[in-house]
Amino acid sequence: MAPLPRSTLLSCLALLAAGSGPWVVSGHVTLNPSTGAEGGYFGVHLRVPHGCNEENTTKLEIQMPKGILSAVPEQKPHWTTEVEKYELDTPAPGMHEDITEGPAKITFEAKDEDAHLHPDFLLDFAVSIRIGCSFNDPNTVSLWNGIPTLWFKTTQTCTGGKMNEWDHIPKDGEPWGPGMPAPYLQINGLGDCDDMEILGQKGLVEEFNKHNLIHVSDDLGSQLRSLHSDHDQTRSIAIAAIVLACVSCSGLLIIGFLYTRRISPQFTWSDEVKAPIP
């Protein structure tokens, strides 16, 4: 079997590092998966876990980060789907021809009242996106916790005209959860890109991968040492248990032998069994 490409290995390590933290169940609108992306095609689901307080959800408007080259949303039954586009500053190479337009916004809207999303239920909206190699809009990209992060600001409209604006972008080092944070997607690999430009800087993805590789290696070493220590401790306990079991069995045999002598005094023992003493 051929060895894994270096970019794939680094992306896997990045995912391992991200996965070492606690799993958080959120009541916010989220993008799933939210990490592991790289240049090229990538599938995501926008999850809406509730309505606006007790109101049903009727529409979602998702602002696409500038640098996403294409977005193909699923056709959700009983919902309309619209993709607004804008002219790219620089055409990007496509499969058959250059890409001159990028997605600006995706809108999902319920066709009728029966399709409204009740606040007690969740709904996933699938989108296939193509991640480009340049992201320079500070309103939709940032370095968050040292990782290039794309922000998908989302407006959730509910019955009665109520709205939830999921548009807060936390600063580097701040947690994601408080307030109304925007759904996010973290870039952990170059994929189809020779390099990736983030806010005018290049080499950030590779720098993150190198740092993360060292961090994960140290983390794995610590975990392996811990596993080895646990193994030694488990082996010691097992040996002690075996010794104790042997001692217990020996004690039971001795007690059984003495008990037999007590209830059968007519027998004497020597090198061979003798006849009963009259």
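A disulfide is a pair of cysteine sulfur atoms within 2.5 Å. Welcome to this predicted model, in which local features need pLDDT of at least 70, side-chain atom pairs count only at pLDDT 80 or more, and totals for chains, interfaces and linings use all residues. Residues are numbered from 1 along each chain as its sequence is written, and side-chain values use heavy atoms, with hydrogens and water left out.

**Disulfides**

- The structure has two disulfides, and with the bonded cysteines numbered in sequence order they pair as 1-3, 2-4.
- Cys 133 and Cys 193 are linked with their sulfur atoms 2.0 Å apart, and with -90 degrees about the S-S bond this link is left-handed.
- Cys 52 is joined to Cys 158, S to S 2.1 Å.
- The torsion about the S-S bond of Cys 52 and Cys 158 is about 70 degrees, so this disulfide is right-handed.

**Burial of the cysteines**

- Buried means under 20% relative accessible area, exposed over 50%, and partly exposed in between (1.4 Å probe, protein chains only).
- Cys 52 is buried at 3%, and Cys 158 is buried at 3%.
- Cys 193 is buried at 5%, whereas Cys 133 is partly exposed at 37%.

**Cavity lining**

- On a 1 Å grid over the protein atoms alone, a cavity is a set of points where a 1.4 Å probe fits but cannot get out, and lining residues have an atom within 4 Å of a point.
- The residues lining the largest cavity include Leu 31, His 45, Met 64 and Phe 152.

Key. On a 1 Å grid over the protein atoms alone, a cavity is a set of points where a 1.4 Å probe fits but cannot get out, and a pocket is an open set with protein on both sides within 12 Å along at least five of seven lines; lining residues have an atom within 4 Å of a point.
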